Amino acid sequence: MALRNAVMAALLEGEASGYDLAKGFDATVANFWAATPQQLYRELERMEADGLVTARVVEQERRPNKRLFSLTPAGRDAVRAYTAEPPARPSVVRDELLVKVQCADAGDLDAVRAAVAERMEWATAKLARYERIRQRLLSGRSEEAYFAEAERVGPYLTLLRGMSFERENLQWGDLVLRRLAQRAAAHSQLSD
C-alpha cells in the first residue's frame, strides 16, 4: 500500500493542514500505517500535482499561513478505485524485537526481557490512547448505535483492529516474560 492511500483515508475525515495530518495521523491511521511529517508533506505535494487533493491558503495572525488540503473528486475516485483493488499479500512482520527474542538463548536474557517489558509499556500506552479515541467516536453511544448512526464506520473498524493488535502484543509479551523467567530459573538451578 502506498502512503498516498493512507493520506486519502485520513482526508476522508475532512479538510486538514499538513501539520494537522501529521499530528492527527497518530489518531486516525497510526494503528495501521506510520509516516513521518516530512513524508506526509512530500506526498501531499505529489497528490496536489496529480489532482487528487486541492489546497487553500488560510492566513493567520502572528503565525505562518497554513495550507488546508481536501480530497478532490479525482481523489475520491482514487479512493473508490483503490478500495476495489484486491489487497496485496498480507504484510510481513519485520520486528527487531522478535529477532532479539529469537536469539534470547544465546544472548543477554535480561536485556531481552527488558525490551519485551518496554514493548508492553508501549502497547499499554497505545491501547489507552486508542480507548480514548474509541470513546470519542462512540460519544456515549453503544457500538450498535454507532454502527447504525455513524456517517463513516471505517475509522472505528480499523481502530478495533489496532486495539486487538495491542492486546495481542500484551498477551504475547506476558507469555514471553513468563517463559524467559522460567528458563532463567531452570538454568540457575542447573548451575547450582
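The following questions and answers concern a predicted model of a protein.

Reader: How many helices and strands make up the secondary structure of the protein?
Author: Read along the sequence, the elements follow the pattern α-β-α-α-β-β-α-α-α-α-α. The secondary structure therefore comes to 8 helices and 3 strands.

Reader: What radius of gyration does the protein have, against that of a compact globule of 192 residues?
Author: Along the principal axes, the C-alpha atoms fill a box of roughly 70 × 45 × 40 Å. Buried residues make up 28% of the 192 residues. A compact globule of 192 residues would have a radius of gyration near 16 Å, but the protein has 22 Å.

Reader: How far apart are the end C-alpha atoms of helix 8, and what span should its 38 residues have?
Author: At 1.5 Å a residue, the 38 residues of helix 8 should span 56 Å.

Reader: Which helices are included in what covers the buried residues of helix 8?
Author: The buried residues of helix 8 include Y156, L159, G162, M163, E166 and N169. One of these, E166, lies 9.4 Å from A125, C-alpha to C-alpha, although the two are 41 residues apart in sequence. A125 belongs to helix 6 (residues 109–138). The cover includes helix 5 (96–102), helix 6 and helix 7.

Reader: Is the pair formed by the rings of Y146 and Y156 stacked, tilted or edge-to-face?
Author: A search of the whole structure finds 3 aromatic pairs. In the pair of Y146 and Y156, the ring centres are 4.9 Å apart and the planes stand at 40°. Planes under 30 degrees apart count as stacked and those over 60 as edge-to-face, so this angle makes the pair tilted.

Reader: Which residues form one aromatic cluster with Y156?
Author: Y146 lies in helix 7 (residues 143–149) and Y156 in helix 8 (residues 154–191), so their pair ties together parts that are 10 residues apart in sequence. The rings of F147 and Y156 have centres 5.5 Å apart and planes at 85°, so that pair is edge-to-face. The residues that form one aromatic cluster with Y156 are Y146 and F147.

Reader: Is F147 buried, partly exposed or exposed?
Author: Y156 has a relative accessible area of 0% and is buried. F147 has a relative accessible area of 31%. Buried means under 20% and exposed over 50%, so F147 is partly exposed.

Reader: Which residue forms a salt bridge with E15?
Author: E15 lies in the loop between helix 1 (3–11) and strand 1 (16–17), and its partner lies in strand 2 (residues 53–58), 41 residues apart. The closest N and O atoms of the pair are 2.7 Å apart. The partner is R56.

Reader: Why are E96 and K100 separated by about one helical turn?
Author: The side chains of E96 and K100 meet in a salt bridge at 3.9 Å, N to O. An α-helix has 3.6 residues a turn, so residues three or four places apart point the same way. E96 and K100 both lie in helix 5, and their separation is about one helical turn because they are 4 residues apart.

Reader: How many residues apart in sequence are the parts that R183 and D105 tie together?
Author: R183 forms a salt bridge with D105, the closest N and O atoms being 3.2 Å apart. R183 lies in helix 8 and D105 in the loop between helix 5 and helix 6, so the parts tied together are apart in sequence by 78 residues.

Conventions:
Residues are numbered from 1 along each chain as its sequence is written. This is a predicted model: local features need pLDDT of at least 70, side-chain atom pairs count only at pLDDT 80 or more; totals for chains, interfaces and linings use all residues. Side-chain values use heavy atoms; hydrogens and water are left out. Rings of Phe, Tyr and Trp (its six-membered ring) pair if their centres lie within 6.5 Å; planes under 30 degrees apart count as stacked, over 60 as edge-to-face and the rest as tilted. Helices (H or I, at least four residues) and strands (E, at least two) are DSSP runs, numbered from the N terminus. Buried means under 20% relative accessible area, exposed over 50%, partly exposed in between (1.4 Å probe, protein chains only). The expected span of a helix is 1.5 Å times one less than its number of residues. Contact means heavy atoms within 4.5 Å. The radius of gyration is taken over C-alpha atoms; the globule rule is 2.2 Å times the number of residues to the power 0.38. A salt bridge is a side-chain nitrogen of Lys or Arg within 4 Å of a carboxyl oxygen of Asp or Glu.
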